[in-house]
Amino acid sequence: GDSITHGGGTVTPATEAFPVIAARRRGCALVKIGTAGAQMDSTTAATQQQKDGSFVEVVTANAAVIAAASRLVVAFGTNDFNRSTPIGTLADTARGTFLGAMRGGLAAALAANPAVKLVFCTPLYRSISATDAGENLIANGVGHTLEDYRAAIRSFALRYGYPVIEGRAEMGMNALNVLQLTTDGLHPNAAGARLWGEAVGRRLS
């Protein structure tokens with residue numbers, strides 16, 4: 001995942017990030033791999049670190065971890081929206097589009113562990129700015145809204161038979177509470193990360 005997976009917005013990510021909360025609720029061991037700015041498709045990444053943290057790259061680099069895992073939770077999308085990653089189509093199989101990178105990452109994960117169970121998360125509610133609680137519904141540079149990326153994740157998961165955890169609906173963050181549950185309208189604070197982590201943990205159970 002990205003900075004939200006890492007725990008950006010919390011004071012102590014090692015104990016407060018949402019994957020830590022989810023694993024605690026689930027009662028399972030956790031390997032948390034979240035990179036600030038990471039996205040599904042690496043081709044629009046702004047830095048090498050962000051590229052290395054993207055889906056295909058991070059799965060390939062951590063094949064040994066995935067080989068021993070029972071589940072792989074995938075949480076990208078908000079940075080693809082930010083950087084105008086083209087969504088593409090379900091026929092895409094390689095990096096260059098959001099759906100192509102999803103297909104490439106899935107193939108790499110299953111090559112490492114054919115039995116690993118993937119779970120895809122859709123992006124959380126995010127406000128227009130750190131002071132405006134309204135959701136960012138403006139189209140990006142390639143004409144996609146954040147909801148378009150959510151829809152792409154749903155379509156991909158349906159095609160390949162994997163569950164989806166709906167970030168917006170399961171967390172329950174919206175215009176009335178987003179500025180209380182995040183540090184900047186995007187990154188959950190400790191209370192927000194706990195809410196999201198509990199939601200993910202429930203679904204994994």
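A residue counts as buried when its relative accessible area is under 20%, and as partly exposed between that and 50%. With that cut-off in hand, let's look at this predicted model, starting with its charged pairs.

R150 has a relative accessible area of 1%, so this arginine is buried. Its salt-bridge partner is E147, which is partly exposed at 30%. Both residues sit in helix α9, three residues apart, or about one turn of the helix.

The structure holds eight salt bridges; here are three of them.

| Salt bridge | N to O distance |
|---|---|
| E147 and R150 | 3.0 Å |
| R154 and E166 | 2.6 Å |
| R203 and E170 | 3.3 Å |

R154, in helix α9, and E166, in the loop between β3 and α10, are 12 residues apart, and their pairing links distant parts of the chain. R154 is partly exposed at 29%, and E166 is partly exposed at 21%. R203 belongs to helix α12 and E170 to helix α10, so their bridge ties together parts that are 33 residues apart in sequence. Through shared partners, salt bridges also join E135, E147, R150, R154, E166 and R168 into one network.

Now for the nonpolar side. The largest nonpolar core has 29 residues, and L118 and F120 touch the most other members. Helix α8 gives the most to this core, with seven residues; α5, β1, β2 and α9 are among the elements that each supply at least two. A second, separate core of 19 residues includes I4, A22, V119 and V178.

Methods. Residues are numbered from 1 along each chain as its sequence is written. This is a predicted model: local features need pLDDT of at least 70, side-chain atom pairs count only at pLDDT 80 or more; totals for chains, interfaces and linings use all residues. Side-chain values use heavy atoms; hydrogens and water are left out. A nonpolar core is a set of buried Ala, Val, Leu, Ile, Met, Phe, Trp, Tyr and Cys residues joined through side-chain atoms within 4.5 Å. Buried means under 20% relative accessible area, exposed over 50%, partly exposed in between (1.4 Å probe, protein chains only). Helices (H or I, at least four residues) and strands (E, at least two) are DSSP runs, numbered from the N terminus. A salt bridge is a side-chain nitrogen of Lys or Arg within 4 Å of a carboxyl oxygen of Asp or Glu.
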